[in-house]
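Here are a few friendly notes to read alongside the structure. Keep the viewer open and find each part as you go.

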Amino acid sequence: MRKVLVSACLMGRRVRYDGRAKPVDDAAVERWRREGRLVVHCPEISGGLPVPRPPAEIEPGADAADVLAGRARILTPEGVDVTEHFVFGARSALATARAHGVAVALLKQSSPSCGSREVYDGTFSGGKVPGEGVTAHLLREHGIAVLDEDQVAEAARLLAEVESTDGHATPPGQGL
Ligand code: SF4
């Protein structure tokens, strides 16, 4: 049975920077929970950040690949460099995913860690730009599909596809 890595805040854990959760209410996610498929993870907590914590954004004009390559930083509004925590958290998420044979990740949109289609633009004005968080980028680099809370049906389709080919091909996230 293949597993699904899911953002801890989507499962109701109060781990967001503001001490809140963003629980997702979806029958497929509930079914995965009952089946024992969910691997619940918060990259920022595993990266050593506290709750609550200041918000943080990728520097304007940079992307997740720049951060992971050491060419850009993730900063708080006061300019505190928290890049190290985010990179450590991304690596921890990847290690966790690989240890559990995760096929698909369902991550909270817009986060500098978990965003998979857009992220905040680095100005702390609420603006967003197309892009990824560092965890989402690293997981994708290693063959794990990353979807968000509005794409549960697509995640379920991909999960079924991976399981139908298990035994016939190298599973995503393994053998790399
Ligand atoms: Fe949720 Fe991801 Fe932010 Fe943790 S790092 S609070 S899991 S969006």
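1. Let's begin with a helix. Please keep in mind that this is a predicted model. What covers the buried residues of helix H6? The cover includes strand S1 (3-7), helix H1 (27-35), strand S5 (102-106) and strand S8 (145-147).

2. Which residues of H6 are the buried ones? They are Ala155, Ala156 and Leu159. If you look down the axis of H6, these buried residues fall within an arc of 100°, so they line one face of the helix. Turn to the other side of H6, and you will find Ala153, Glu161, Ser164 and Thr165 exposed.

3. H6 runs over residues 152-165, which makes 14 residues. From its first C-alpha to its last, H6 reaches 20 Å, close to the 20 Å expected at 1.5 Å a residue.

4. Now step back to the whole chain. How many helices and strands does the protein chain have? There are six helices and eight strands. Following the sequence, their order is β-α-β-α-β-α-β-α-β-β-β-α-β-α.

5. Next comes the overall form. A compact globule with 176 residues would have a radius of gyration near 16 Å, and the value for the protein chain, 16 Å, agrees with that. Along the principal axes, the C-alpha atoms fill a box of roughly 50 × 30 × 25 Å. Of the 176 residues, 44% count as buried. Looking at contacts with a separation of 6 or more, 64% are between residues 24 or more positions apart.

6. Glutamate 132 sits in the loop between strand S7 (128-130) and helix H5 (134-141). Is glutamate 132 buried or exposed? Glutamate 132 is buried, because 25 other C-beta atoms lie within 10 Å, and 20 or more are enough to count as buried. Apart from neighbours within four places in sequence, glutamate 132 is in contact with Ala64, Gly115, Ser116, Val119 and His137. As for proline 23, it lies 109 residues from glutamate 132 in sequence and 21 Å away in space, C-alpha to C-alpha.

Note on methods: Residues are numbered from 1 along each chain as its sequence is written. This is a predicted model: local features need pLDDT of at least 70, side-chain atom pairs count only at pLDDT 80 or more; totals for chains, interfaces and linings use all residues. Helices (H or I, at least four residues) and strands (E, at least two) are DSSP runs, numbered from the N terminus. The expected span of a helix is 1.5 Å times one less than its number of residues. A residue is buried if 20 or more other C-beta atoms lie within 10 Å of its own, exposed if 12 or fewer, and partly exposed in between; C-beta atoms are placed from the backbone. The arc is that of the directions from the helix axis to the C-beta atoms. Two residues are in contact if their C-beta atoms, placed from the backbone, lie within 7 Å. The radius of gyration is taken over C-alpha atoms; the globule rule is 2.2 Å times the number of residues to the power 0.38.
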